[in-house]
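Student: I would like to learn how to read a model like this one. Can we go through it feature by feature?

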Amino acid sequence: MTATVEETIVEGEPPLPPVPAEARMVDLKIYRFNPEDPDAAGFETFRVPALETDRLLNLLLYVKGYLDGTFTFRRSCAHGVCGSDAMRINGVNRLACKLLMKDLFPKDPSKILTITVEPIKGLPVEKDLVVDMEPFFDAYRAVKPFLMTSGHEPTKERIQSVTDRARFDDTTKCILCACCTTSCPVYWNEGSYYGPAAIVNAHRFIFDSRDEGAVERLDILNEVDGVWRCRTTFNCTDACPRGIQVTQAIQEVKRALMFSR
Ligand code: SF4
Ligand code: SF4
Ligand code: FES
């Protein structure tokens, strides 16, 4: 089915807003899945207007707001901070709120752009673009992503040098969007692999000079589903919307396992 903005009224949906003169038309080819009718799963195309300054998220909100209120996806902050709108866009994991239309439009303005939008891979789809994130968060929780210390509560701040703080600066930037883990071919084939996001979050504490849980976390990541499953294909690094050197972090954990114990 193709729904277009030429229809001024969509049954059961609010009237369409006026289309700005400078808008260009885009075909959004979106994966639809309804657990109450799984056999009908497949792509549905919506033709929507887009401005150069729009992010893909604006177009998805247009579909939901004006064309089909049953369309389901996650988003919250709309500014690349919460990590909830990870999706597979033209075959690549991205955050819909960080993808500017001006970077996708073809040079020829008469050409209609088609964008394919699917749920991230490797996690069970619940509805349309919404996946069950529990297996992802199970792996995250398994590496104990919190400060572990012994002894009495300190009476003042735990001091850390600038150099020691810099050691794990990159991996503190993770927003748990799952773009990395769900672009990993090993994770697609072996869902029991902890995956790059869990390792990034273990790295953040393993290399924190204030933490005392490194040995415990390294033991966990030394298991059969830990870091040794990584094949160093860099998909995860390419997918990370925060620019984290994910594969490098995994290599550093591997080196810590080999040489620091
Ligand atoms: S580098 Fe390792 S963790 Fe990252 S995508 Fe490749 S196999 Fe997966
Ligand atoms: S490492 Fe990057 S891609 Fe992976 S969950 Fe964190 S922010 Fe997302
Ligand atoms: S909506 Fe929060 S990161 Fe995109």
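Tutor: We start with the overall fold, then take helices, core, ligand shells and backbone angles. Keep in mind that this is a predicted model.

Student: What does the secondary structure of the protein come to?

Tutor: The protein has eight helices and eight strands. Its C-alpha trace spans about 65 × 40 × 35 Å along the principal axes.

Student: How much of the protein is buried?

Tutor: Buried residues make up 34% of the 261 residues.

Student: Which residues of helix 1 are buried?

Tutor: L56, L59, L60, Y62, V63, Y66 and L67 are. Seen down the axis of helix 1, the buried residues fall within an arc of 160°, so they line one face.

Student: How many residues of helix 5 are buried?

Tutor: In helix 5 (residues 196–206), 11 of 11 residues are buried.

Student: What should I look for in a nonpolar core?

Tutor: The general idea comes first. In soluble globular proteins, nonpolar side chains tend to be buried together. Here the largest nonpolar core has 60 residues. L59, A197 and I199 have the most contacts inside it.

Student: Which residues does I199 touch?

Tutor: Leaving out residues up to four places away in sequence, I199 touches Y194, L221, V227, A249, I250 and V253.

Student: How do I read a ligand shell?

Tutor: Take ligand 2. It has 16 residues around it, and the closest are C174, C177, C180, A197 and C240. Helix 5 gives the largest share of this shell, three residues. By class there are 14 nonpolar, one polar and one charged.

Student: Which residues come nearest to ligand 1?

Tutor: Of 13 residues around ligand 1, C184, C230, T233, N235 and C236 come nearest. Helix 7 and helix 8 each supply at least two residues of the shell. The largest share, three residues, comes from helix 8. The classes are eight nonpolar, four polar and one charged.

Student: What about backbone angles?

Tutor: Most residues other than glycine have a negative phi. A78 has a positive phi of about 65°, and D128 has one of about 45°.

Student: Where do A78 and D128 lie?

Tutor: A78 is in the loop between helix 1 and strand 4 (86–89). D128 is in the loop between strand 7 (125–127) and strand 8 (130–131).

Student: Is D128 buried or exposed?

Tutor: D128 has 23 C-beta neighbours inside 10 Å, so D128 counts as buried. A78 has 17, so A78 counts as partly exposed.

Key. Residues numbered from 1 in each chain as written. Chains lettered and ligands numbered in written order. Predicted model: local features only at pLDDT ≥ 70, side-chain atom pairs only at ≥ 80, totals over all residues. Buried ≥ 20, exposed ≤ 12 C-beta atoms within 10 Å, placed from the backbone. Helix = DSSP H or I, 4+ residues; strand = E, 2+ residues; numbered from the N terminus. Arc of directions from axis to C-beta. Near = placed C-beta within 6 Å. Nonpolar A, V, L, I, M, F, W, Y, C, P; charged D, E, K, R; others polar. Core = buried A, V, L, I, M, F, W, Y, C linked by C-beta atoms within 7 Å. Contact = placed C-beta atoms within 7 Å.
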